[in-house]
Amino acid sequence: MTTPSQINAAPGSDSSYEGPLAHIENLKKYYPVTQGMIVRKNVGYVKAIDGVSIDIPKGQTYSLVGESGCGKTTTARMFLMVEKPTAGQVFFRGKDIHKLSRKETADYRASVQAVFQDPWSSLNPRMRVDSLIAEPLVTHQHLSRTELKKRVHELLETVGLRSFHAERYPHEFSGGQRQRIAIARALSTQPELMILDEPVSALDVSIRAQILNLLKELQQNFSLSYLLIAHNLATVRYMSHQVGVMYLGKLVEEGPPSAVFGDPKHPYTKALISAALPAHPTNDREEIVLRGEVPSPINPPSGCTFHTRCPVAMDICSTVYPERREVAEGHRTSCYLYTETGTASA
């Protein structure tokens with residue numbers, strides 16, 4: 001079976017670096033909106049991400065939650081270098097990933113891998129499992145055919161499958177098994193950071209806990225860092241070390257799950273948690289119904305973008321966006337309800 005040292009020895013890693021493994025600083029991503037058939041005219045921008053900063057420490061899980069269209073997946077695409085930021089920077093081990101050399105970029109791509117929502121759509125149905133898992137190894141490492149076969153079998157065993165599964169095609173597996181194959185493929189390049197985009201939402205409820213437990217076990221054994229994108233708040237609470245709540249491209253609250261779920265501060269976070277199903281039908285919960293619809297990201301409201309739906313909005317909320325303040329140790333929010341000391345304003 002693969003040993004932790006094999007996975008930890010990520011290509012191009014710097015063992016002397018002591019800061020957060022990954023970091024984004026004031027990240028912005030605007031998509032131009034154009035009109036016209038012959039002469040294309042720029043009429044505005046979709047502000048998918050608007051000034052987001054987060055840290056992902058080594059060996060920890062940072063989760064992003066929020067309703068669809070808030071910018072979670074776009075943030076993940078920044079780490080995968082699928083998109084370039086309009087402004088701001090993405091750092092990995094203290095280096096701006098868009099200023100890396102060609103060799104460093106190749107090492108970075110090996111160190112950051114992704115597991116997507118639907119394993120059926122992310123696995124080529126015409127390729128056998130051994131070829132699917134070996135493909136990244138062929139790209140990033142120089143292994144003999146014997147070494148390649150051995151490595152594929154080790155990875156399959158690491159995710160709870162058997163070596164003989166390497167000879168099969170994706171359609172011969174269940175949904176949970178296909179997701180295990182996707183995880184094995186992501187592990188093949190010895191990554192340090194894995195982007196988990198709704199990794200269990202397409203699976204049966206009975207299988208979800210198994211995959212989540214597998215991911216936690218892999219994290220403990222191999223010191224993996226995760227950026228988790230999820231709608232299911234129970235999944236986020238179980239997996240996370242830090243949680244960030246996004247609304248209309250901005251990070252409105254951030255902190256450990258015990259604080260964010262146990263004592264939410266931002267009105268949007270409170271509404272989001274109240275909309276989730278309780279752990280038990282008899283549990284009491286505050287029901288918060290927000291007014292109106294989510295504003296357009298092309299023309300977001302001035303000031304705090306949530307003020308048009310906020311039940312406790314003040315005059316200042318519509319003019320100036322609130323700075324992120326620490327309301328408790330490690331617990332931060334962007335809301336005028338709280339002062340610098342974390343005491344609710346009168």
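Is Lys 250 buried or exposed? Lys 250 is buried, with a relative accessible area of 14%; here buried means under 20%, exposed means over 50%, and partly exposed is in between, using a 1.4 Å probe and protein chains only. Before we go on, please note that this is a predicted model, in which local features need pLDDT of at least 70, side-chain atom pairs count only at pLDDT 80 or more, and totals for chains, interfaces and linings use all residues. Residues are numbered from 1 along each chain as its sequence is written, and side-chain values use heavy atoms, with hydrogens and water left out.

Let us stay with Lys 250 and look at its partner. Side chains of opposite charge can pair when their charged atoms come close. The side chain of Lys 250 meets that of Asp 50 in a salt bridge, at 3.4 Å from N to O; the term stands for a side-chain nitrogen of Lys or Arg within 4 Å of a carboxyl oxygen of Asp or Glu. Asp 50 lies in strand E2 and Lys 250 in strand E10 (residues 250-255), so this pair ties together parts that are 200 residues apart in sequence. Strands (E, at least two residues) and helices (H or I, at least four) are DSSP runs, numbered from the N terminus. Asp 50 is buried too, at 13% relative accessible area.

Both residues turn up again in the lining of a cavity. The second largest cavity, with a volume of about 40 Å³, is lined by Lys 47, Asp 50, Leu 248, Lys 250, Pro 297, Pro 300 and Thr 305. By class, that lining has three nonpolar, one polar and three charged residues. For the classes, Ala, Val, Leu, Ile, Met, Phe, Trp, Tyr, Cys and Pro count as nonpolar, Asp, Glu, Lys and Arg as charged, and the others, Gly among them, as polar. On a 1 Å grid over the protein atoms alone, a cavity is a set of points where a 1.4 Å probe fits but cannot get out, while a pocket is an open set with protein on both sides within 12 Å along at least five of seven lines; lining residues have an atom within 4 Å of a point. Grid points are joined across faces, edges and corners, and a volume is the space filled by probe spheres set on the points.

There are three cavities of 30 Å³ or more. The largest holds about 80 Å³ of space, and 14 residues line it, the closest to its centre being Pro 267, Cys 304, Cys 310, Cys 317 and Cys 335. Its lining has eleven nonpolar, three polar and no charged residues.

What about open space? Of its 19 lining residues, Arg 109, Val 112, Gln 113, Ala 114 and Phe 116 are the closest to its centre. Helix H3 (102-111), strand E6 (112-115), helix H5 (129-140) and helix H7 (175-187) each supply at least two residues of this lining, and H5 gives the most, with five. The lining of this pocket divides into twelve nonpolar, four polar and three charged residues.

Back to the charged pairs: the whole structure has 14 salt bridges. One of them joins the side chains of Glu 67 and Arg 309, at 3.9 Å from N to O. This pair links distant parts of the chain, 242 residues apart, with Glu 67 in the loop between strand E3 (61-65) and helix H2 (72-79), and Arg 309 in the loop between helix H11 (267-275) and strand E11 (325-328). Glu 67 is partly exposed at 26%, whereas Arg 309 is buried at 10%. Another bridge brings Asp 263 and Lys 265 together at 2.9 Å, N to O; Asp 263 is partly exposed at 41% and Lys 265 is buried at 14%. Lys 29, Arg 77 and Glu 83 are linked in a network of salt bridges.

Helix H2 deserves a look of its own. Six of its eight residues are buried, so H2 is largely enclosed by the rest of the structure. The buried ones are Lys 72, Thr 74, Thr 75, Ala 76, Met 78 and Phe 79. After H2 comes Met 81, with a positive phi near 60 degrees.

Finally, turn to the surface. Met 37 sits in the loop between strand E1 (22-35) and strand E2 (41-56), and is exposed, with a relative accessible area of 79%.
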